[in-house]
Amino acid sequence: MVREVLIYPDRRLKLISHDVESFDAKLHTLLEDMKETMYASDGIGLAAIQIGVAQNVLVINLPDEDGEQTLESLEEIINPVILEAHGSVTYQEGCLSIPSVYEDVERKESIRVRYFDRDGGMIEKELEGLMAIAFQHELDHLQGHLFIEKLSYLKRKKFEKEWKKKIKEGK
Ligand code: Y12
Ligand code: CO
């Protein structure tokens, strides 16, 4: 089922998410809903809190070189943690909870991560490139953080002014 994506400044986006304890049918339904919602919104990543569920669950599906989001590159990520991080990289990020806004954000260039799959199997891997960026963006959501919090003071002020105007005009 496609669920409603929470839009900034919805206060639920500030909630801290909690670890999944049961890798059961309820979790599988949540993952299916998250994937449907992400595809319906033309997204490449979504955290559960973006549909109002404060659990440490992410889905990421980066497009391949033909721009297709295939099943092979779909990642279901439960209870993620970053074990190590190296380097830095800047990328223009966007977020389904702040549509039409794209800003440069600095992230770690490569990360070693641990998470669980839908059946509770533990996965450890090294990520780099766009996957490392998407993972860090989504992990921030689980701590109640959005990429706009990483902007400079002046850029954030400009964003807030434009966003308020956009909401007022009902866009
Ligand atoms: C690199 C940086 C950030 C991420 C996080 C995942 N971000 C997204 O999936 C953003 C998708 C997005 C899609 C939009 O399109 C629609 O809503 C139809 C959008 O809105 C507009 O452009 C109007 C904004 C963001 C992953 C990798
Ligand atoms: Co986001």
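Helices (H or I, at least four residues) and strands (E, at least two) are DSSP runs, numbered from the N terminus.

Two polar contacts are worth a look here. The side chain of glutamate 76 meets that of lysine 35 at 2.8 Å, and it also reaches the side chain of arginine 118 at 2.9 Å. A polar contact is a pair of N or O atoms within 3.5 Å; within protein, one must be able to donate a hydrogen and the other to accept it, and residues adjacent in sequence count only if both atoms are side-chain atoms. Leaving aside residues up to four places away in sequence, glutamate 76 touches residues including Leu31, Leu58, Tyr115 and Phe116 (contact means heavy atoms within 4.5 Å).

## The sheet and its helices

Five strands make an open, antiparallel sheet in the order E1-E2-E3-E6-E7; two strands pair if DSSP finds at least two bridges between them. At the edges are strand E1 (45–47) and strand E7 (122–128), each pairing on one side only. On average, neighbouring strands of this sheet are turned by 40° against each other, direction ignored. Axes are lines fitted to C-alpha atoms, for helices over the stretch in contact, and angles run from 0 to 180 degrees between N-to-C directions.

E1 is joined to strand E2 (residues 57–61) by three bridges, and glycine 45 has isoleucine 60 in E2 as its bridge partner. Helix H1 (residues 25–40) lies across E1, E2 and E3, at about 40° to E2. Helix H2 (residues 129–142) also packs on the sheet, touching E1, E2, E3, strand E6 (110–116) and E7, and its direction makes about 100° with that of E3.

## The cobalt site

Cys95 (SG), His137 (NE2) and His141 (NE2) coordinate the cobalt ion (ligand 2) at 2.1 to 2.3 Å. Donors are N, O and S atoms within 2.8 Å of the metal (3.2 Å for Na, K and Ca); water is not among the atoms, so sites may look incomplete. The donor residues are spaced C-x41-H-x3-H in sequence.

Histidine 137 and histidine 141 are separated by about one helical turn because they are four residues apart in helix H2. Histidine 137 is buried at 7% relative accessible area, and histidine 141 is buried at 1%.

## Notes on the model

Residues are numbered from 1 along each chain as its sequence is written, while chains are lettered from A and ligands numbered from 1 in the order in which they are written. In this predicted model, local features need pLDDT of at least 70, side-chain atom pairs count only at pLDDT 80 or more, and totals for chains, interfaces and linings use all residues; side-chain values use heavy atoms, with hydrogens and water left out.

Technical notes:
Buried < 20%, exposed > 50% of the residue type's maximum accessible area, 1.4 Å probe, protein only.
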